[in-house]
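Dear colleague,

Please find the structure below. My notes on it follow directly after.

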Amino acid sequence: TTGATFSAEMMKSIPIGRNFSSTLALAPGVVSSGIPGGGDSNPSIGGASGLENVYVIDGVKINNAGYGSAGSYSIVFGSLGTGVNFDYIKEVQVKTGGYEPEYGEALGGYVNLVTKTGGNTFNVSPCAYFQGAEATRVTTDRQTSAGFAAVDITNFQSQDYGAEASGPIVKDKLFFYGAFDPTFTKREFRTAEALRRDLGFD
């Protein structure tokens, strides 16, 4: 089997986005798929389409039933997220090829997320992250039949606040783990008509 496994400690120590899809490109054979608005969230693994991977959390499949993407997906706005708390993830396992028959239904790769559990020690860990506005994009990968962008992100901001807690309920027998991590995201879009006007075609 080819692929890679990324631990929570590794994901916190390298500069990646605060979602599991940001780790996938670290595995061999994984590249951005070029899917509108979801090339990084649904990467191409082993040469397959970005919508042909299987995503599983503790044995539960989270693929979008309509498009095959990881979580919610819109043909206009791209990937809308999975609702998976980044701090909840203990390990990301990415299988890019040669995996066993038990990992079926994947024409591309197989991504398995293992969540954290509690232990005999009480732990509380708060966090806060902020990502500022991006520069305005003039070009885009998304094109209409006329050759112009259907929508184009012109501004993006993200605020991420949360905390996780774990510990014993009955020592050596029963434990708890919980995390709360709301993310507030703001996106501004430019329509095809606005892009035509800005580029001087109207």
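Asp-172 is exposed because its relative accessible area is 57%; exposed means over 50%, buried under 20% and partly exposed in between, with a 1.4 Å probe and protein chains only. This is a predicted model, in which local features need pLDDT of at least 70 and side-chain atom pairs count only at pLDDT 80 or more, while totals for chains, interfaces and linings use all residues. Residues are numbered from 1 along each chain as its sequence is written, and side-chain values use heavy atoms, with hydrogens and water left out.

Asp-172 sits in the loop between β11 (151–170) and β12; strands (E, at least two residues) are DSSP runs numbered from the N terminus. Its phi is positive, near 70°, although the residue is not glycine. Most residues other than glycine have a negative phi. Asp-58 also has a positive phi, of about 50°. Asp-58 belongs to the loop between β4 (54–57) and β5 (60–61) and, at 45% relative accessibility, is partly exposed.

The loop between β7 (78–81) and β8 (89–97) holds Asp-87, which is buried at 5% relative accessibility. Beyond its neighbours within four places in sequence, Asp-87 has contacts (heavy atoms within 4.5 Å) with residues including Lys-12, Arg-18 and Tyr-177.

Tyr-177 is itself buried, at 16%.

Yours sincerely

Definitions and conventions. Helix = DSSP H or I, 4+ residues; strand = E, 2+ residues; numbered from the N terminus.
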